[in-house]
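Please look through the sequence and the model below before reading on. The text after them goes from the whole chain to single residues.

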Amino acid sequence: MAVTSAKEVLPPVLLSGSDFLVHRSSLPPALDSTSDPPPLFDGTTRLYTSYICPYAQRVWIARNYKGLQEKIKLVPIDLMDRPAWYKEKVYPENKVPSLEHNNEVRGESLDLIKYIDSHFEGPALYPDDPNKRQFAEELLSYTETFNKAVIFSLKGDSLEEISAAFDYLETALSKFNDEPFFLGQFSLVDIAYAPFVEQFHPLLLDVKKCDFTSGRPRLASWIEEMDKIEAYKQTKRDPEKLVALLKWRFMAN
């Protein structure tokens with residue numbers, strides 16, 4: 001029996017690496033099973049990422065916002081055709097994102113945005129105010145609950161879980177109402193949620209005919225303000241291709 005790879009069944013429109021992005025000038029191509037590895041552990045700091053992964057997008061945004069484009073090299077990985085050396089020599093978990101820094105490789109997106117914030121220069125992404133730090137941790141701990149609530153509801157008829165998830169964000173955005181971001185000023189909390197809100201917005205419009213910004217003015221304002229952040233804009237994905245990918249991933253069969 002022939003074995004069909006994920007890449008072979010993925011819609012062709014999604015197989016073009018950086019073409020998945022809205023802004024794709026000067027970005028390196030994704031490395032696949034035919035690609036040679038970079039010169040590993042040579043003192044270069046590398047962010048192993050993917051143009052289609054929201055978890056990796058988080059760390060890419062943090063790197064951009066702190067102005068580290070020259071200090072942290074972007075190394076995109078083709079998740080549908082991963083090079084063997086990535087698992088064998090770089091990151092045994094074989095996931096993205098991962099960060100090669102000081103001859104060590106670290107993973108997990110929320111840990112990495114904190115690591116980049118604390119180990120590199122640039123604008124701070126974590127507040128000094130203890131109340132805001134506590135609230136930040138509460139919001140970060142909710143991210144997976146939020147993601148799963150939306151994903152698990154895609155095939156069902158009820159919008160209750162989806163509505164509750166976005167109501168949580170709307171309420172959270174009212175706590176520090178001096179500015180439109182979760183902690184008032186732009187922070188790693190905004191970075192943590194942005195890639196997922198970005199992908200769920202067009203997906204829910206397409207699949208559920210549901211605009212979750214309707215009746216949630218703070219969330220709508222937050223999305224508008226996020227779209228003004230250049231560090232984020234550089235990472236945004238094409239909505240049409242994003243919807244096609246997500247429907248293929250979460251709603252096939």
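Predicted model: local features only at pLDDT ≥ 70, side-chain atom pairs only at ≥ 80, totals over all residues.

Residues are numbered from 1 along each chain as its sequence is written, and side-chain values use heavy atoms, with hydrogens and water left out.

The protein chain has 10 helices and 4 strands. Both kinds of element are DSSP runs, numbered from the N terminus: helices are H or I with at least four residues, strands are E with at least two. Read from the N terminus, the order is α-β-α-β-α-β-β-α-α-α-α-α-α-α. Of the 253 residues, 48% count as buried. Here buried means under 20% relative accessible area, exposed means over 50%, and partly exposed is in between, with a 1.4 Å probe and protein chains only. Among contacts (heavy atoms within 4.5 Å), those with a separation of 6 or more are made to 73% by residues 24 or more positions apart.

Helix H10 spans residues 239-250. Its 12 residues reach 16 Å from the first C-alpha to the last, close to the 16 Å expected at 1.5 Å a residue; the expected span is 1.5 Å times one less than the number of residues. Which residues of H10 are buried? They are Lys241, Leu242, Val243, Leu245, Leu246 and Phe250. These buried residues pack against helix H5 (130-153) and helix H7 (188-207).

Helix H5 also holds Thr143. Thr143 counts as buried because its relative accessibility is 2%. Leaving out residues up to four places away in sequence, Thr143 touches Arg58, Leu110, Ala192 and Tyr193.

The next topic is the aromatic rings. A pair of aromatic rings is described by the distance of the centres and the angle of the planes. Rings of Phe, Tyr and Trp (its six-membered ring) pair if their centres lie within 6.5 Å; planes under 30 degrees apart count as stacked, over 60 as edge-to-face and the rest as tilted. The whole structure contains 15 aromatic pairs. One of the pairs, Tyr55 with Phe196, is edge-to-face, at 5.0 Å centre to centre and 70 degrees between the planes. This pair links distant parts of the chain, since Tyr55 lies in helix H2 (residues 54-65) and Phe196 in helix H7, 141 residues apart. Tyr55 is partly exposed because its relative accessible area is 29%, whereas Phe196, at 3%, is buried.

Phe135 and Phe176 have ring centres 5.9 Å apart and planes at 65 degrees, so this pair is edge-to-face. It too links distant parts of the chain: Phe135 is in helix H5 and Phe176 in the loop between helix H6 (160-172) and H7, 41 residues apart. Phe135 and Phe176 are both buried. A charge sits over a ring if NZ of Lys or CZ of Arg is within 6 Å of the ring centre and within 35 degrees of the ring normal. Lys132 lies over the face of Phe176, 5.0 Å from the ring centre, and the charged end of Lys175 sits over the ring of Phe135, 5.2 Å from its centre. Ring pairs also join Tyr55, Phe146, Phe166, Phe182, Tyr193, Phe196, Phe200, Phe212 and Trp222 into a cluster.

How many disulfides are there? The count is 0, where a disulfide is a pair of cysteine sulfur atoms within 2.5 Å. Cys53 is buried at a relative accessible area of 10%, and Cys210 is buried at 13%.

Some backbone details remain. Val96 and Pro97 are joined by a cis peptide bond, with omega about 5 degrees. Pro97 is in the loop between helix H3 (84-90) and strand S3 (98-101). Asn94 is in the loop between H3 and S3, and has a positive phi of about 60 degrees although it is not a glycine. Glu108, not a glycine either, has a positive phi of about 75 degrees. Glu108 is in the loop between strand S4 (104-107) and helix H4 (109-119), and counts as partly exposed because its relative accessibility is 41%.
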